[in-house]
Amino acid sequence: MSRHAMLSLHETTILSETFRLMGDPTRLRILHFCLTGPHAVGDIAQNLALSPSLVSHHLRLLRGARLVKRERRSRQVFYTVADHHVTTMLLDMVNHIGESQEEEEWPLLENGPAC
């Protein structure tokens with residue numbers, strides 16, 4: 001698909017669902033943590049102060065959206081960001097909000113979420 005081609009309804013739905021999944025702060029924290037390399041559920045849970053069952057639940061959803069991938073090593077499973085597209089998008093958005101915060105103080109968030 002060309003970078004600027006019109007998205008089909010199906011593609012738009014998938015993209016919308018992907019962004020919806022990433023709209024959860026806990027899932028974004030997990031994704032961001034997984035940028036640093038492969039991590040086991042317990043490692044993610046401990047570093048983000050979350051329960052392992054909550055981390056597992058979110059990882060299942062992120063894996064279903066192909067945002068993370070897993071690798072089994074002996075009896076442990078390690079998770080990392082799925083590919084360079086996800087990595088680039090996350091890092092670009094982190095840079096974007098950093099630039100925006102320097103320029104203005106998020107006027108849209110002063111009154112709560114826009115939705």
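Predicted model: local features only at pLDDT ≥ 70, side-chain atom pairs only at ≥ 80, totals over all residues.

Me: How many salt bridges does the structure hold?

Reply: A salt bridge is a side-chain nitrogen of Lys or Arg within 4 Å of a carboxyl oxygen of Asp or Glu. The structure has two of them. In one, Glu17 pairs with Arg20, with the closest N and O atoms 2.5 Å apart. In the other, Arg73 meets Glu71 at 3.2 Å, N to O.

Me: Where do Glu17 and Arg20 lie?

Reply: Helices (H or I, at least four residues) and strands (E, at least two) are DSSP runs, numbered from the N terminus. Both residues belong to helix H1 (residues 9–22), three residues apart, or about one turn of the helix.

Me: Is Arg73 buried, partly exposed or exposed?

Reply: Buried means under 20% relative accessible area, exposed over 50%, and partly exposed in between (1.4 Å probe, protein chains only). Arg73 is partly exposed at 37%, and its partner Glu71 is partly exposed too, at 40%.

Me: Which ring does the charged end of Arg73 sit over?

Reply: To count, NZ of Lys or CZ of Arg must be within 6 Å of the ring centre and within 35 degrees of the ring normal. Here the ring is that of Phe78, with its centre 4.5 Å away from the charged end of Arg73.

Me: What about phi angles?

Reply: Most residues other than glycine have a negative phi. Arg66 has a positive one, near 60°, and sits in the loop between helix H4 (52–64) and strand S2 (68–73). Ser74 also has a positive phi, about 60°, in the loop between S2 and strand S3 (76–81). Arg66 is exposed at 68%, and Ser74 is exposed at 69%.

Me: Which residues form the nonpolar patch on the surface?

Reply: Patches take residues with over 30% relative accessible area and no salt bridge, joining like charges within 9 Å and nonpolar side chains (Val, Leu, Ile, Met, Phe, Trp, Tyr) within 5 Å. Leu7, Leu15 and Phe19 make up this one, with about 250 Å² of accessible area together (Shrake-Rupley method, 1.4 Å probe; for residues, only the protein chains shown count as cover). Leu7 lies in the segment before H1.

Definitions and conventions:
Residues numbered from 1 in each chain as written. Heavy atoms only, no water.
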